[in-house]
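Please read this briefing with the sequence and the model side by side. The notes begin with a few lead sentences and then go topic by topic.

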Amino acid sequence: MKKEDLKKAIAKSPAEHTEIFGHKEELKLSRFSESIIHQNISQEKTSIVVVVHQDKRKGSASVTDPSPEAITEAIEKACAAARFQKPDPDFPGLPFSEEEAPELGAYSEKTARCPAELRAEGVARIREIGNREGFQGHGTFSTQASKFMSLNSSGHFREWDTSQAFLKVLFMGGPGGGEGFAQDVQVDVDDLQITQTAERAASKCAATQDRASLSPGEYKGVLEPLAVCELLGYLSFIGFNGLACNEGRSYFSGKIGEEVMAPGLEIIDDPFDNSGLPAPYDGEGLPKRPLPLVENGVFKNYVYDYYLARKEGRKSTGHALPPGFRSFGPMPMHLKLKPGQKTQKELIQQVDRGVLITRFHYVGVIHPQKTIITGLTRDGTFWIENGKVDHALKNLRFTQSIIEALQKTIEKGREVGRMPFRIGAPQAPALLIDGFNFTGVSEMD
Amino acid sequence: MERWKKLLQKAREEGAEYADLRYIENENQGLKCRNGKIEELNLGQDRGLGLRVWVNGSWGFASMSLDEANLDQVDKLAREAVNLARAANQGQPHRELDPVEAAVDQFKTEISEDPFRVSLEEKIDLLQKAHEAMQGGKIFLTTGSMDFQREKKLFLSSEGSEIEQTFYRTGAGINAMSTDGSDRQIRSYPSAFGGNYAQKGFEFVREMNLIGEGERVRQEAEALLAAEQCPAGEMTLILGGCQLALQVHESCGHPIELDRVLGMEAALAGTSFLNLDQLNELSYGSSQVNITADATIPGALGSFAYDDEGVRAQRIPIIEGGRFVNYLTSRETAPVLRQKSNGTMRAIGWSNFPLIRMTNINLEPGESSREELIRGTEKGILLDMIKSWSIDDKRINFQFGTEVGWLVEDGEIKGMIKNPTYTGSTLQFWRSCDGIAGPSEWKMWGVPNCGKGEPMQAAPVGHGASYARFRNIKVGVSR
């Protein structure tokens, strides 16, 4: 994928407006099961998406071949498709911005060049820790490098690189059938804490032997960072989503300036934070920048892409998804819930009777506008009694409004975790929630 | 062909005991209509190659997208895949793959009307007319979509298989969202989340009659606003085929994947409550429950002629008279059971490693009917059309929500109910089944996006189902 080829294709396009988004991705991934690598994979993918607008009629096409000939052919196809469209009176033209994003530590050459042997050494260390404890290790060790190019016929051009190294460890086993999970994600593979991550997972697995059942009901909950990150991820999609807000489908629709969460909660979308897999530009190549969404519990801002912003007479906030995904609406992909001062142990000490949750599994949305979701806990669920973790629990089903949980938040932890998505990673501390609704337990009858 | 055969040979020279490759050319067309406006109109093409090698009991896999400029670089895949397999081997014992007879064959989806020859103008017109049929009243948002794919796949193996398969996949659907200012409801047709899918041509879209169904979709979306909330408690549950397709998918299809059972998916999607010693022993459901895995049904979304290991497509029983009798297997996993592979390994596109995937996992028809199931229900609800879904990492505890439901009292349908949910435990649920509707109400449902693996692969699978009734199910769990 060469920028000269993409620029030439734009110059030759017969369309009134043309946009090209190019993405080259190299993924190396080792999946392990029972502490042995069972899938060892290398993927090299290129994808070019072209979008044309002629008389406010839009068409698009995509190819994996980045040659000038293939891109030109794709543009011709997109033009042919556009002819059948009805004009979109709201089409605002294509964006142009001279503003450049600051230099970010979004890319590591070491991650991009990480050899298979290094991943295998990592898995061997995990196996050693598992063998020591009598546990079997399952998980993934991956490294990924991406190059993005975004350009259009308004003369806008941006290119940027990102990388991520990701380790997930699930230990299973022991006499009582324990399960413990931990993960780490970094831009630079050298920063991955392999041993510490595996030790955390092993410690959880040791603590989850012989799990007891808990009757469904509402209990105080201490949600560890991974569980909170999952809530944030869903809130991005169904709540902060700019299109959902615009169409009245979001809880936040029409609520700017209103208190929507517990006082003291602050959520910012921060694409520049090096801990959260930073990204300098959005899917239209416009610069991203930090945007406060909730301050002291009060909802502050909607997110926009160029189309939605111009429709409402505003400026893009840099939240466009790449072409092909834009019908989902602009979304914040780097949510960060500001941490507090207390350790997780101190949060637990505040609980007389409650549940400690490591992470969630298979979450589904029941009511998007009320942000009601359901899912299960997994890989480390514990009963807290008199300020201490008392014993391990069988996995629980919850049915809970995310917003209500954030309204009932009474304390924040200080250690922050993160959960990578395709773009960015939500970051959050543990939360103490005064009432989390559990509606079932995972056990055979 | 010769170029790819040389690549296999190169892999063998590098040290592979076995190698196979998939060269795939893919063309797709996607249309998304939102409130009458075509919001996405995308024409896609991709081409690439994935090479898998087996070295001393370990897999290595390397793939790349192809274009004219990089065709001469494909040889590097041989060395890369073998290196990956060697790096994966950390002293595990040598294992043999289940032997398979080499096949030289061709397969093509039978279609009546090539969807790529139907004009975009006609497709757009159809979606816009469906929107017109749905709009008005309390409807604030309508959407419609169509997806078409033609996948040409060449499979070659170092054991001599040469299999060319061409698949046509077609899907379409519509939905309307209603509001009365405070509440919001949705109705979809023929299924939610993109509609129904099949290995058929454009005739599949024409048979849906999207325009004709638009008015009913609108009426039901509006009626839901005024409907009663789903009652809470334990009662009889009748599920329509569309919802049963999901129920089968989540609580039968995934648990029987042998790679899950063996822990290969543990860290992501989880494992399975099924153990190896439960084969032929476990009572999975009532005696009325018969489930098959059938990759041979013409036109069904999960059908094929050969899987991505060159194993011939099969129809196998999974649950017979309520008893669990088969897992889905592969060449690597079948020897664990001392069985032959039943041919369920598939990869999505050229870039991915094949995994054990559902084919068409069907709840076979019974002898009852929708009307008879309702008549035999004193107090219950009839639910259909998936809205939300969740199941635990062992596939035991599930909770599903549907778009719509109806109260059933004294053997008759009463009023419509909204926001229905039901929850249960897999074995208890299937053992409580006391009636299944017959062949005349049995239909195939296509699910184009069954997620599994890392990186995530969204596979096309199918489920046949009619209506079925379950006793003493907990309903109305959402607040």
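Two strands are said to pair if DSSP finds at least two bridges between them, and the strands themselves (E, at least two residues), like the helices (H or I, at least four residues), are DSSP runs numbered from the N terminus. This is a predicted model, in which local features need pLDDT of at least 70 and side-chain atom pairs count only at pLDDT 80 or more, while totals for chains, interfaces and linings use all residues. Residues are numbered from 1 along each chain as its sequence is written, and chains are lettered from A and ligands numbered from 1 in the order in which they are written.

**Strand E2 of chain A and its partners**

- Seven bridges join E2(A) to strand E3 (residues 57-63) of chain A, and these two strands run antiparallel; in E3(A), A:Ala61 is the bridge partner of A:Val50.
- The hairpin of E2(A) and E3(A) has two residues between the strands, and A:Asp55 takes a positive phi near 50° there.
- E2(A) also pairs with E1(A) in the antiparallel sense, over 17 bridges, and A:Ser33 stands opposite A:Ile36 in E2(A).
- E1(A) and E2(A) likewise form a hairpin with two residues between them, where A:Glu34 in the turn has a positive phi of about 50°.
- Because 16 of the 19 residues of E2(A) are buried, this strand is largely enclosed by the rest of the structure; a residue counts as buried if 20 or more other C-beta atoms, placed from the backbone, lie within 10 Å of its own, as exposed if 12 or fewer do, and as partly exposed in between.

**Where chain A meets chain B**

- In all, 69 residues of chain A are in contact with 67 residues of chain B, where contact means that the C-beta atoms of two residues, placed from the backbone, lie within 7 Å.
- The largest share of the side of chain A that touches chain B, 11 residues, comes from strand E2 (residues 36-54) of chain A.
- By class, this side of chain A has 24 nonpolar, 29 polar and 16 charged residues; Ala, Val, Leu, Ile, Met, Phe, Trp, Tyr, Cys and Pro count as nonpolar, Asp, Glu, Lys and Arg as charged, and the others, Gly among them, as polar.
- Across the two chains, E2(A) pairs with strand E3 (residues 58-65) of chain B in the parallel sense over four bridges, with A:Ser42 opposite B:Ala62 and A:Glu44 opposite B:Met64.

**The largest nonpolar core**

- Of the 273 residues in the largest nonpolar core, A:Val50, B:Leu51 and B:Ala81 touch the most other members; such a core is a set of buried Ala, Val, Leu, Ile, Met, Phe, Trp, Tyr and Cys residues joined through C-beta atoms within 7 Å.
- Helix H6 (residues 225-240) of chain A provides the largest share of this core, nine residues.
- Leaving aside neighbours within four places in sequence, B:Ala81 is in contact with residues including B:Ala11, B:Leu51 and B:Phe61.

**Helix H1 of chain A**

- The buried residues of helix H1 (residues 3-12) of chain A are A:Asp5, A:Leu6, A:Ala9 and A:Ile10.
- These residues lie on the same side of H1(A) because they cover an arc of only 140° around the axis, the arc being that of the directions from the helix axis to the C-beta atoms.
- The exposed residues A:Glu4, A:Ala11 and A:Lys12 are carried by the face of H1(A) turned away from its buried side.
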